[in-house]
Amino acid sequence: MSRLITASAVALIASLSAAHAKTDVQWWHAMGGELGSKLEEIVKGFNESQEDYNVIPSYKGTYPETMTAAIAAFRAQEQPAIVQVFEVGTGTMMAAEGAIVPVHQLMQDQGAEFDQSAFLPAVVGYYTDTDGNMLSMPFNSSTPILYYNKSVFEKAGLDPEQPPKTWAEMEEFSKQIMDSGAASCGFTTGWISWIQTENFSAWHNQPIGTMENGFGGLDARLTLNGPVQVKHWENLKRWTDEGVFKYGGPVGGDNAPPMFYSQDCAMIMNSSASRAGVIANAKDFELGFGMLPYYDDVEGAPQNSIIGGATLWVLSGRPDEEYAGAAKFFEYLSSASVQADWASFSGYLPITQAAADEMAGFFAENPGADTGIRQITLNPPTENSKGLRFGNYVQIRGVIDEEFEQLLSGSKDAQGALDSVVERGNKLIEEFQAQHQQ
Amino acid sequence: MKRTIFSNQLLPWLLLAPQLAITFIFFLWPAGQAVRQSFLREDAFGINSSFVGLTNFRALLSSPEYMNSLQVTAVFAVSVTIMSMGVALLLAIAVDRMLKSARVYTTLLVWPYAVAPAVAGILWWFIFNPTIGVMPYVLDVVGYDWNHISSKTDAMLLVVIASAWKQISYNFLFFVAGLQAIPASMREAAAIDGAGPVRRFFDITFPLLSPTTFFLLVVNIVYAMFDTFGVIDATTEGGPAQATNIMVYKVYFDGFIGQNIGSSAAQSVILMLLVISLTVIQFRWVEKKVEY
């Protein structure tokens, strides 16, 4: 409630100060802390760059809270023009025809400058329809990478400049580290769902679901219980029992980073956007960066990793001049200088090739900062590595975590756990389909 | 008792109006909305909507996750109630025996009640955090590997302890008041007849405390079923593998996070029926056995 009052107070003051009829464009977002301040700085830059529009950013809490707030507002016909939605909400937003204005259509209607080929395919591919049209504007995209402790590597007699490339090396290095006493655990990871299941599948060019991982329509179903995924989950269980791997908890894996910072675990797989945080916490040791490991006996690996993060969706039902403002704002947001500034500051990926080129100097000065972008552009995305799109996916991520926990507790084997993910996940997808086809 | 007779028919309604309005706006209307939604199938944005009868309820009752949630809620509510009332009673009896310092102890023991559930959750989450917490470190010394992130038992213990701890103060206050209302002469008479402290407690103190105990039983079960949302949300978020996913949390998760409004509404309707029947049972049957 107090947030609502603050937001409306801000809106009121803003509308009073804009005496010569600037059009207000509401933007609801989920960026707290330093990212939030940076976001406001970017918006300020836009508002000062022209006379006609005034973008008003409002922080609405976590990603799920922001999305829930926007949906509730839409139902009450009080929706903002722009809302930031995380990647797993894509299925829900996309299926809400009539509630959203696809970005490609917005830009065309408003006659804005918009060249879709300027965007990085690995980023934009996640957010296009089957015809390749962009539905939402990528804002903050990241991908998981490997962080490792060079000091521990050195202590264990390993080459600190050589992170493990394959899962076999991952196991071998971990055991050497543990045997030498340099650290008590080999590796941990954030996001079992996003990193060890979805990205793992894309990285090994394995399907997550039918119909191009759900891009083809609402009839798509999960198929991530293939032999490669089963083998990996089996190994994660075995490594847990041997102490090589430590589980950091469900969703983002909140307990994983502390294990890495305290040097209990020598390696961690986590979002490229946590780079700044990892550097800030890695005070007592040398930090190294590497790509995600792969199984070298899987054909086509490594393929390319997929992204996470959020995009900006435009909601329907606002006055026309607000859409003109939104289009202008998107032009500004995707410009190379704004993108490069935002990406260098935050650790998120640049979304256009021009921005990536502009960051060349930054990458040269900050070794390892380009790991994410090299990883997503390693190969042209296939239908298995473009991303994924299923309804009710927030809950399906929860199901993945739960079944992984069943595996760790020993009540299911890897095949059984992944079979349950598929079975329970498909039920949620069927429910979603029934909600939308009636 | 003196009865007030209103000559004007309108005045009593007018006096009742504020209370009726509050009941209508904050209870009847949302409850009605929940009942309506529970019969609908709708997408998140409310663009497609259709009447599906009892489909949502049927889906719930055949869902193993929902059955699990029922079981978890039962275990959780009973454990929290027993633990918070048991500890509170022990503390109350101890304080009741003190003469000088009783007031100080009472004041100190009431403090936790002022702590919000979410804060209580975070406090215990810190204490029991497997990576940085104090308790796992201590437990490790005695050979117990505490990990509420992967162990269902540990997770349940954590949320029960955190929820019960908060409620102990409240129960304690009522028990102290209840104990002080029992005339000392009755216990003294029993002591003269040769009854030991244990016998005196079970034959005199406990039966005479039963109105307080009954009241607390109702309050604690309701507390465990509804007010503990903050504790769950701040500590386990219903995990691991739904081991602490109590019904209230599941309503929130499926509705607000999962955007499945039909199922979430059906769950709250079931919860509503459950609470109504629990209250009826408590007042109809249990209350009859209480000696006032």
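Two strands are taken to pair if DSSP finds at least two bridges between them, and the strands themselves (E, at least two residues), like the helices (H or I, at least four), are DSSP runs numbered from the N terminus. On this basis A:T189 stands opposite A:M269 in strand β9 of chain A. The structure is a predicted model, in which local features need pLDDT of at least 70 and side-chain atom pairs count only at pLDDT 80 or more, whereas totals for chains, interfaces and linings use all residues. Residues are numbered from 1 along each chain as its sequence is written, while chains are lettered from A and ligands numbered from 1 in the order in which they are written.

Strand β9 (residues 265-271) of chain A pairs with two strands of that chain. With strand β7 (residues 185-189) the pairing is parallel and runs over four bridges, whereas with strand β6 (residues 144-149) it is antiparallel and runs over five bridges; within the latter pairing, A:Y148 has A:M267 as its bridge partner. A residue is called buried if 20 or more other C-beta atoms, placed from the backbone, lie within 10 Å of its own, exposed if 12 or fewer do, and partly exposed in between. Seven of the seven residues of β9 are buried, so the strand is largely enclosed by the rest of the structure.

An automatic or database domain assignment supplies the domain bounds, and chain A is divided into domain 1 (2-142 + 307-365) and domain 2 (144-305 + 391-436). Where contact means that the C-beta atoms of two residues, placed from the backbone, lie within 7 Å, 14 residues of domain 1 are in contact with 17 residues of domain 2. On the domain 1 side, helix α4 (residues 90-95) gives the most, with three residues.

A nonpolar core is defined as a set of buried Ala, Val, Leu, Ile, Met, Phe, Trp, Tyr and Cys residues joined through C-beta atoms within 7 Å. The largest such core holds 129 residues, and those touching the most other members are A:V123, A:L146, A:C265, A:A266, A:V314, A:L315 and A:A326. Helix α19 (residues 393-409) of chain A contributes the largest share of this core, eight residues, and at least three residues come from each of domain 1 and domain 2 of chain A. When neighbours within four places in sequence are left aside, A:A326 is in contact with A:V25, A:A81, A:I82, A:L106 and A:V314. Apart from this core lies another, of 39 residues, among them B:F76, B:L158, B:V160 and B:A234.

A:W233, in helix α11 (residues 227-242) of chain A, is buried, with 25 other C-beta atoms within 10 Å. Not counting residues up to four places away in sequence, A:W233 touches A:L407, A:A414, A:A417 and A:L418.

Several backbone features were also noted in chain A. A cis peptide bond, with omega about -5°, joins A:A301 and A:P302, and A:P302 is found in the loop between β10 (287-290) and β11 (308-315). Phi is positive, near 50°, at A:V251, a residue that is partly exposed, with 17 other C-beta atoms within 10 Å. A:N392 likewise has a positive phi, near 55°, but counts as buried, with 26 C-beta neighbours inside 10 Å. Most residues other than glycine have a negative phi, and most peptide bonds are trans.
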